[in-house]
Amino acid sequence: MGLRAEEGLTTSSAHILVATAVPAERDAVARAFPEPGAQVLPRPGIVLHRLPGGWDLLDAGVGPARAAASTAAALTAAALDGSPYDLVVSAGIGGGFAPDAPAGSLVGSLVVADAITAADLGAETADGFLPVTELGFGTVTHHPPAGLVAAVATATGARPGTVLTGSTVTGTAERAALLRARHPRALAEAMEGFGVAEAAAAHGVPVLELRAVSNPVGPRDRAAWRIGEALTALTDAFGKLAPVLRSWTPHD
């Protein structure tokens, strides 16, 4: 999986796109890479932040639609530049489903997706919710490479499980219970992973999702949010994750 020698990329490691929702998450990832020399690279509709060693960071926007559009723009630009990505990582903070988020403190714990699932893509019927796949089209789940998920879990201590993507953040206990009943393996909830995964799949590129828990999924209590702690956990995770991703190939 050699890289193209373009705009400072090396030829010895994977070319990786990390898509976050907002600049604060992007910057938290960047802090895991102390090497100087980041480049700001405008591309049509987006701005990439390129770090030494083949890493591009993108604050892709909030919500699955914007995240998909921005990620697709980055993937297309890289392909046209002759340096396509080897892996796309959806990363950021998110809500954790108590009590099944990783052991220890819920806030600041890590979840790596072994399934990236659209929480509510489908139809409500008299008999309950039907995912879009049962309506005969589309997909609701993308599966990151199992070996990569296992390696990330080992390196970072993240717990593997389903990460849900929704256009609306859960704000009630009733909604949290409904989602867990519908998706019993769900460990975390965010708003971008499925959109990022859809774009990656369209380009035939593997995808990974990593979330640092900033709050429990349930009643909306801003006083209980620990965004700073979760961003710190995200930085620490990428510090441990970088060697794993640099050495990973799609054939592992």
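Colleague: Which hand does the crossing of H2 and H5 have?

Modeller: H2 and H5 cross in a right-handed way. Keep in mind as we go that this is a predicted model.

Colleague: Noted. At what angle do those two helices pack?

Modeller: Helix H2 (residues 64–80) and helix H5 (residues 193–202) pack at about 35 degrees, and their axes are 7 Å apart.

Colleague: And which residues make the contact?

Modeller: From H2 you have Pro64, Ala67, Ala68, Thr71, Ala72 and Leu75. H5 contributes Gly195, Val196, Ala199 and Ala200.

Colleague: While we're on H2, is Ala78 buried or exposed?

Modeller: Ala78, which sits in helix H2, has a relative accessible area of 5%, so it is buried. If you skip residues up to four places away in sequence, Ala78 touches Ser83, Pro84 and Tyr85.

Colleague: How far apart are the C-alpha atoms of Ala78 and Trp248?

Modeller: Those C-alpha atoms are separated by 19 Å, and the two residues are 170 residues apart along the chain.

Colleague: Will do. What about H3 and H6, what are their angle and axis distance?

Modeller: Helix H3 (residues 146–156) packs with H6 at an angle of about 140 degrees, and the axes are 9 Å apart.

Colleague: Why is that called oblique?

Modeller: An angle has to be over 145 degrees to count as roughly antiparallel, so at about 140 degrees H3 and H6 are oblique to each other. The crossing of H3 past H6 is right-handed. H3 makes the contact through Leu148, Ala151, Val152, Ala155 and Thr156, while H6 uses Ala237, Lys240, Leu241, Val244 and Leu245.

Colleague: Now back to Phe238. Let's do aromatics: how many aromatic pairs are there in the whole structure?

Modeller: A search of the whole structure turns up two. In one of them, the ring centres of Phe33 and Trp55 are 4.7 Å apart and the planes meet at 55 degrees, so the pair is tilted.

Colleague: Where do Phe33 and Trp55 lie?

Modeller: Phe33 is in the loop between helix H1 (23–30) and strand S2 (39–43), and Trp55 is in strand S4 (residues 55–59), so this pair ties together parts that are 22 residues apart in sequence. Phe33 and Trp55 are both buried.

Colleague: And how do the rings of Trp55 and Phe238 meet?

Modeller: Their centres are 6.4 Å apart and the planes are at 75 degrees, so that pair is edge-to-face. This one links distant parts of the chain, with Trp55 in strand S4 and Phe238 in helix H6 (residues 227–247), 183 residues apart. Phe238 has 0% relative accessibility, so it counts as buried. Put together, the ring pairs join Phe33, Trp55 and Phe238 into a cluster.

Colleague: Nice. Which ring does Arg182 lie over?

Modeller: Arg182 lies over the face of Phe129, 3.9 Å from the ring centre.

Colleague: Last topic, then: where is Thr162 found?

Modeller: Thr162 is in strand S10 (residues 159–165), and its relative accessibility is 8%, so it counts as buried.

Colleague: How far from Thr162 is Asp114 in space?

Modeller: They are 5.9 Å apart, C-alpha to C-alpha, and 48 residues apart in sequence.

Terms used:
Residues are numbered from 1 along each chain as its sequence is written. This is a predicted model: local features need pLDDT of at least 70, side-chain atom pairs count only at pLDDT 80 or more; totals for chains, interfaces and linings use all residues. Side-chain values use heavy atoms; hydrogens and water are left out. Rings of Phe, Tyr and Trp (its six-membered ring) pair if their centres lie within 6.5 Å; planes under 30 degrees apart count as stacked, over 60 as edge-to-face and the rest as tilted. Helices (H or I, at least four residues) and strands (E, at least two) are DSSP runs, numbered from the N terminus. Buried means under 20% relative accessible area, exposed over 50%, partly exposed in between (1.4 Å probe, protein chains only). A charge sits over a ring if NZ of Lys or CZ of Arg is within 6 Å of the ring centre and within 35 degrees of the ring normal. Axes are lines fitted to C-alpha atoms, for helices over the stretch in contact, and angles run from 0 to 180 degrees between N-to-C directions. Angles under 35 degrees count as roughly parallel, over 145 as roughly antiparallel, 65 to 115 as roughly perpendicular and the rest as oblique. A crossing is left-handed if the near helix is turned anticlockwise from the far one by less than a right angle, and right-handed if clockwise. Contact means heavy atoms within 4.5 Å.
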